Each structure stands twice: as C-alpha cells, then as structure tokens.
Amino acid sequence: LAKLTPADRVGLIAFPGAGPNIDFTSNHAIVQKALPGLTGLADSFPTTYRIGISEAMAIVQLNPTALNVVVQRECASLPNPEERDLCKTQVVTDATGIYNGVNERTQTALATLRSIVERLSQTSTPKTIVYISEGLILERTGDGALLTAAAARGQVTLYAIQVEVFSSDASTAREPVTAGRDKALANEGLGVIAGSTRGIVVPAIGNADNAFARLALELSGYYLLGFDTSIPTTVV
C-alpha cells in the first residue's frame, strides 16, 4: 500500500464473518489501519481420530483403500472386533465432518470471490485482487472457471498469497498425518483460482516481505508486443 500512488484506489474485504468491508477509496491510510486487526478464522472439525483433509475427501468419495489405511492406523490396536467396528464407524463420521467443513469454507470463498469479480467487471480498467489465504480445497477444478469470463471482461487479475501454516500446534495432542498432501491440495486450489484470472500463487513464509516484493514486481511488469511489417504474410 505504501508504494501506491494517490491515484490508486484500494478496498478491503474480510471473509467469512463480519470483518472489515471498506469500499474503494483513495485514502490508503484507512485500509492500512484496518489490516493489522485481521485474524484468520479457519477452524478444525473436532475429531476422535487423526484424519487428514485429503484422507477425509477420499473416504467420503467412497475410496476403500483410503478408508482401510485410516482404519488400520487408528483402530487396529483395539482389543476386540466390536470396538474396531465402532472405531470404523467413527472414522467415517469424522471424515464426513471434516469434508463438510472444508466444503462449506470453499463454497463461501468461491461465492464471495465471484461476487467481487462480477462487481469489478462492470468497468474495463485494469484491477488487481490480492487474496490472502491459507489455501482453498477444490473438489472440482472446474470451479475456477466460474471467474474466468467476468475477470477477462473487467481486466481483473487475482494474485493469491498463501500464508504458511505450521503443521504442529502445542495445543493439539495429535499431530496431523497428511500435512504435506493437505497443503498441496490447498495450494492447487489457489492455483486454479489465480490461474483462471491470469494470476499466480505467491507463498508467504515468515513476515511475508518477500511475497509482497514479488507481488510488486508482478504488478509493475508489462508485455511489449511489436509487428514487423517488412515480412510478407499470406492469409488463407
């Protein structure tokens, strides 16, 4: 924000929840003041067993191998068949809860982004969205195409800054088992959304200075296209 000119208008919207919603303004100080108060709202579904997001999606999609892997890991040590059966049932319940929670967050994000892009597409001047997020889990990669037409019409480019999330938490007794795959899924979803608007995903590690420096370079770049009229062409 400090590098923008007085002619640049900026806005801020935090979602989900009742966060700041600042319409486009040339008063950059208002947005700068609101930014430090933003806090991530991602929450995890309380589960009995350790199940990663990628595992939960596979289980809900009726992948028997994924279910067997989790059941073997979480239930095999139980002493009798009845307990193991109950454990398997709870694994499916936990996986469904994780899947529903992730899907709800994704649909909220997609709906909000579509609304923003549609609004910005009402004018043809170039516009940039900086979407700061831990990630976006897309069940269908085609969901990203929902932004393409409006983004092209309004010259809207979305750059996603993916916030680095620690895979371990001192307040959590159980360590995640598929942190790498889950992070890759979250990155892939952001990539689909950004790519549909000609943007990219920039990882933010630590204080994110490098991420915003990269973003500044992306925004300041341009392509110069020239034609050599001395070369004869044939139109068929």
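T178 touches G52, I53, S54 and E55, where contact means heavy atoms within 4.5 Å and residues up to four places away in sequence are not counted. T178 lies in the loop between β4 (156-163) and α6 (179-195); helices (H or I, at least four residues) and strands (E, at least two) are DSSP runs, numbered from the N terminus.

The model is predicted: local features need pLDDT of at least 70, side-chain atom pairs count only at pLDDT 80 or more, and totals for chains, interfaces and linings use all residues. Residues are numbered from 1 along each chain as its sequence is written, and side-chain values use heavy atoms, with hydrogens and water left out.

The rings of F15 and Y131 have centres 5.8 Å apart and planes at 10°, so the pair is stacked (planes under 30 degrees apart; over 60 is edge-to-face, the rest tilted). The pair links distant parts of the chain, 116 residues apart: F15 is in the loop between β1 (10-13) and β2 (21-25), and Y131 is in strand β3 (residues 127-133).

The table gives relative accessible areas; buried means under 20%, exposed over 50%, and partly exposed in between (1.4 Å probe, protein chains only).

| Residue | Relative accessible area | Class |
|---|---|---|
| T178 | 4% | buried |
| Y131 | 9% | buried |
| F15 | 23% | partly exposed |
| L38 | 33% | partly exposed |

L38 is found in the loop between α1 (28-34) and α2 (53-60).

Conventions. Rings of Phe, Tyr and Trp (its six-membered ring) pair if their centres lie within 6.5 Å; planes under 30 degrees apart count as stacked, over 60 as edge-to-face and the rest as tilted.
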